[in-house]
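Thanks for opening this model alongside me. Below are some numbered points to read with the structure in view.

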Amino acid sequence: ALTQACLKRSGMMRMKLAVASLILCLVFAGTSIRQGDLDAITAATSASTPIVTTLVLTIGDPVMLVDGMRTMLEAAPFIRNARTLVPVRAIAEALGATVTYDATLRRVEISRYDMSLALILGEATATLNGSAVAIDPADARVVPVIAAGRTMLPLRFVVESLGAIVTYDAAARVINVVWTH
């Protein structure tokens, strides 16, 4: 019971801090470390703790919140053809991806780990991990564009391709992106 209470108190800390916290709890409680305690330490420290990254964007506002920290976007998100378009670099990088742009081909490439996504300005089809996929199967007018001198991509398609979840509050015009990794 003491071991469980100490582990709970140590919360989602990294492995070394969790182990140190548990050992200190046991020492100050005047108990010795038993095999059950060692098993609890091993279980608590070997389980991977998911990390959650959250992004909050507002239509028309060039400020994005990344885990509560203000980040300036190169341009404000806007709606075209009932879809939100965003300057993709800051968003993709906040989700752990890298972005490259080939001006000659008018092609944006987003990659993370073993995932690759390529979009071409004005094209309704993208390439995801080598396979062609419609950006928006319901509306072929939803395509990457240049606006305000920036490459703007459909937010939902990009972040869902990166494995994040998107919600939209139409009344507040606020977009929430959550990526658990």
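Which residue takes a positive phi in the hairpin of β8 and β9? The residue is Gly-122, with a positive phi near 80°, and the hairpin has four residues between its strands.

1. **Ground rules.** This is a predicted model, in which local features need pLDDT of at least 70 and side-chain atom pairs count only at pLDDT 80 or more, while totals for chains, interfaces and linings use all residues. Residues are numbered from 1 along each chain as its sequence is written, and side-chain values use heavy atoms, with hydrogens and water left out.

2. **Confidence.** The average pLDDT (the predictor's confidence in each residue, from 0 to 100) is 84 for the protein chain, and 73% of the residues score at least 70. Please treat residues 1–14 separately: their pLDDT is below 50, and this stretch has 18 contacts in the model beyond near neighbours in sequence. Contact here means heavy atoms within 4.5 Å.

3. **Overall make-up.** The protein chain comes to five helices and 14 strands. These are DSSP runs numbered from the N terminus, with helices being H or I of at least four residues and strands being E of at least two. Of its 181 residues, 37% count as buried, where buried means under 20% relative accessible area, exposed over 50% and partly exposed in between (1.4 Å probe, protein chains only). Among contacts in the protein chain with a separation of 6 or more, 43% come from residues 24 or more positions apart.

4. The order β3-β2-β1-β14-β13 describes an open sheet with antiparallel pairing; two strands pair if DSSP finds at least two bridges between them. β3 (69–72) and β13 (165–169) each have a single partner strand, so one side of each is left without a neighbour in the sheet. From one strand to the next, the twist averages 20°, with axes being lines fitted to C-alpha atoms (for helices over the stretch in contact) and angles running from 0 to 180 degrees between N-to-C directions.

5. **Another five-stranded sheet.** Here the open order is β6-β7-β8-β9-β10, again with antiparallel pairing. β6 (98–102) and β10 are the edge strands, each pairing on one side only, and the twist averages 25° from one strand to the next. Five bridges link β6 and β7, with Thr-98 partnered by Ser-111 of β7. Two bridges join β8 to β9, and Leu-117 has Leu-128 in β9 as its bridge partner. β9 and β10 pair over four bridges, with Ala-126 opposite Val-133 in β10.

6. **Positive phi outside glycine.** Tyr-113 has a positive phi of about 50° although it is not a glycine. Tyr-113 sits in the loop between β7 and β8 and counts as exposed because its relative accessibility is 71%. Asn-129 likewise has a positive phi of about 50°; Asn-129 lies in the turn of the β9 and β10 hairpin, which has two residues between its strands. With 45% relative accessibility, Asn-129 counts as partly exposed.

7. **Nonpolar cores.** A nonpolar core is a set of buried Ala, Val, Leu, Ile, Met, Phe, Trp, Tyr and Cys residues joined through side-chain atoms within 4.5 Å. The largest has 33 residues, and those with the most contacts inside it are Leu-55, Leu-57, Ile-91, Leu-95, Ile-110 and Val-177. Elements that each supply at least two residues of this core include β1 (52–58), α4 (88–94), β7 (107–112), α5 (155–161) and β14 (174–180). A second, separate core of six residues includes Leu-85, Val-143, Val-145 and Ala-147.

8. Thr-84, in strand β5 (residues 83–87), counts as buried because its relative accessibility is 16%. Beyond neighbours within four places in sequence, the contacts of Thr-84 include Ile-59, Phe-78, Leu-153, Pro-154 and Ile-175.
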